[in-house]
Amino acid sequence: MSERLLAGLDVGTTKVTAVVGEVAPDGILDVIGEGTVASEGIRRGAVVNLERTAEAIKKAVRAAERVAGVEIREVHVGVGGPQIESATSNGLAAIRRGQTIRPADVERAVEQAKAYPLEGDQELLHVEPLEFRVDGQEGIHDPVGMTGVRLEVDVLLVSTAAGPLANLRRAVEAAGLTVRGLVAQPYASGLGVLTPEEEEMNVLVLDLGAGTTGIGYFKEGRLAFAGVLPLGAELVSGDIAKLLKIPFEEAERIKKKYGAALPELADPELVLEVSQAGHPAGGIPAPELARIIRPRLREIFMLARKALEERTGPVEVAVGKLVLTGGGALLPGTEELARREFGLPVRMGRPARVEGLADIVASPTHAAAVGLLHFGRLSGEGARVRRSSKARPPERAAEPAALWERIKAFFKDFF
Ligand SMILES: Nc1ncnc2c1ncn2[C@@H]1O[C@H](COP(=O)(O)OP(=O)(O)OP(=O)(O)O)[C@@H](O)[C@H]1O
Ligand SMILES: [Mg+2]
């Protein structure tokens, strides 16, 4: 049996989502399980309470297992939080005269680029080749088989702070799971939604989460920048709560039900009854609610733009299209507001290129979770997911097994 099973775990500020996917022999990803529960113990994308986070992870995983009829043991985990950092580095490999460039030469150049000193206590998550040069010739994507004496590579290094990462790992392991791979959340969100046409362009993916905003910049399908801002759509609800003097939960509810990012999109006839002291009788007209919402969204867009432009220069030049993911993108008018703020074509990113339970994961809130499955699919890593629902195996070390060990173990699970 050549199908492969994978599991992804997105530990967000408001929700934990577990997904199970099956990669068919033709490479198509079937989503066969999904479970989402409210988060506990997470703030701004970081674990603040280990036990509660582990509990939420367990619940989400159990729910996904029940739908899929498999037992999840290993997961690809999304790493959020504002400690995500991007740096660029380069490496060099000399090629013996008369020989063509082999994969081992590419690895040597990339290894050298990895030797870049990371700031403070950062831990490396991704090393993504951006561009190769052969004897000074620029713009090469795949140098294998080419002739030259000097191979150079520019790479993107994505890292995160070791402390928060260790806490996330601990929570996942306390839920009885093994970390198969770690993926920066903005990277996962992009992998979850980008179309083949967008992989030929330069695209900015903004994941408008509750506590964070993920920034993923993809140049012709390759990750070229990843960052996370410590602010998200929960601040919008916070503003509504403060200004209307109502509890946060009530503000969250009316935002989802009546909110819009642009006053002209709100129904001028609609007046919201809010039970707050000190507000004129008759309630809040919906356009007024939008006027409370808009400034915070603009601020988030402005800061995201600034963070990207520090690396790339003006977005109008660097970016061809903006794709919005995350629950914040569900607010009506958010795409139009983003279009105005960035001066770019904008679309809402819903997980694509999946089959099976595609409708269940077809929300921008599921971009990162589905992207984790695509990451696993692309890196050729099948996770330990069992078809039977017998007792769980004993815990294993987090280090990935050697490839052959994994393949053997995988087949043992089937026969
Ligand atoms: N229908 C909706 N309309 C408006 N806002 C919505 C809607 N659904 C969800 N949201 C908002 O989206 C946010 C949750 O988004 P999401 O599920 O992507 O966040 P998360 O992954 O839990 O957080 P983070 O990625 O920041 O860790 C909340 O602030 C919520 O208010
Ligand atoms: Mg999220």
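# Reading sheets, helices and a ligand shell

Me: Which strands does helix H10 (residues 367-378) lie across, and at about what angle does H10 run to E1?

Reply: Helices (H or I, at least four residues) and strands (E, at least two) are DSSP runs, numbered from the N terminus, and contact between two residues asks for C-beta atoms, placed from the backbone, within 7 Å. Helix H10 lies across E1, E2, strand E3 (29-38), E7, E12 and E20, and runs at about 140 degrees to E1. Such angles run from 0 to 180 degrees between N-to-C directions, with axes fitted to C-alpha atoms, for helices over the stretch in contact. This is a predicted model, in which local features need pLDDT of at least 70 and side-chain atom pairs count only at pLDDT 80 or more, while totals for chains, interfaces and linings use all residues. Residues are numbered from 1 along each chain as its sequence is written, and chains are lettered from A and ligands numbered from 1 in the order in which they are written.

Me: In what order do the six strands of the open sheet stand, and which are the edge strands?

Reply: Strands of a sheet pair through backbone hydrogen bonds, either parallel or antiparallel. Here two strands pair if DSSP finds at least two bridges between them. The order is E12-E7-E1-E2-E3-E20, with mixed pairing, and strand E12 (178-184) and strand E20 (354-356) are the edges, each pairing on one side only. On average, neighbouring strands of this sheet are turned by 35 degrees against each other, direction ignored. Helix H4 (residues 185-193) also lies across part of this sheet, namely strand E7 (74-79) and E12, and runs at about 85 degrees to E12.

Me: How do E1 and E2 pair, and how many residues does the hairpin between them have?

Reply: Strand E1 (residues 4-11) and strand E2 (residues 15-23) pair in the antiparallel sense over eight bridges, and a hairpin of three residues joins them. Leu-5 has Glu-22 of E2 as its bridge partner, and Leu-9 has Ala-18. E1 and E7, by contrast, run parallel and are joined by two bridges, with Gly-8 opposite His-76 in E7.

Me: How many residues of E1 are buried?

Reply: A residue counts as buried if 20 or more other C-beta atoms, placed from the backbone, lie within 10 Å of its own, as exposed if 12 or fewer do, and as partly exposed in between. Seven of the eight residues of E1 are buried, and this strand is mostly covered.

Me: What is the strand order in the open sheet of four strands, and which helix packs on the sheet?

Reply: The order is E8-E11-E9-E10, and the pairing is antiparallel. Its edge strands are strand E8 (85-94) and strand E10 (137-140), each of which pairs on one side only, and the twist from one strand to the next averages 35 degrees. Helix H2 (residues 103-114) packs on the sheet, touching E8, E9 and E11, and its direction makes about 135 degrees with that of E8. Within the sheet, strand E9 (residues 122-134) and strand E11 (residues 150-161) pair over eleven bridges in the antiparallel sense, with Arg-133 opposite Glu-152 in E11. Helix H3 (residues 162-174) lies across E9 and E11, at about 70 degrees to E11.

Me: Is Gln-83 buried or exposed?

Reply: Although Gln-83 has its place in the loop between E7 and E8, this residue is buried, because 21 other C-beta atoms lie within 10 Å. Leaving aside neighbours within four places in sequence, Gln-83 is in contact with Thr-160, Ala-161 and Pro-164. Gln-83 and Pro-164 are 81 residues apart along the chain, and their C-alpha atoms are separated by 8.3 Å.

Me: How many residues surround ligand 1, and which elements give two or more of them?

Reply: A residue is near a molecule or strand if its C-beta atom, placed from the backbone, lies within 6 Å of it. Ligand 1 is surrounded by 24 residues, of which Gly-12, Thr-13, Gly-209, Ala-233 and Gly-327 are the closest. The elements giving two or more residues to this shell are helix H5 (234-244) and helix H6 (248-258), and H6 gives the most, with three residues.

Me: Why do the buried residues of H5 line one face of the helix?

Reply: The buried residues of H5 are Glu-234, Val-236, Ser-237, Ile-240, Ala-241 and Leu-244. Seen down the axis of H5, these residues fall within an arc of 160 degrees, so they line one face of the helix; the arc is that of the directions from the helix axis to the C-beta atoms. Their cover includes H6, strand E17 (284-285) and helix H7 (286-312).
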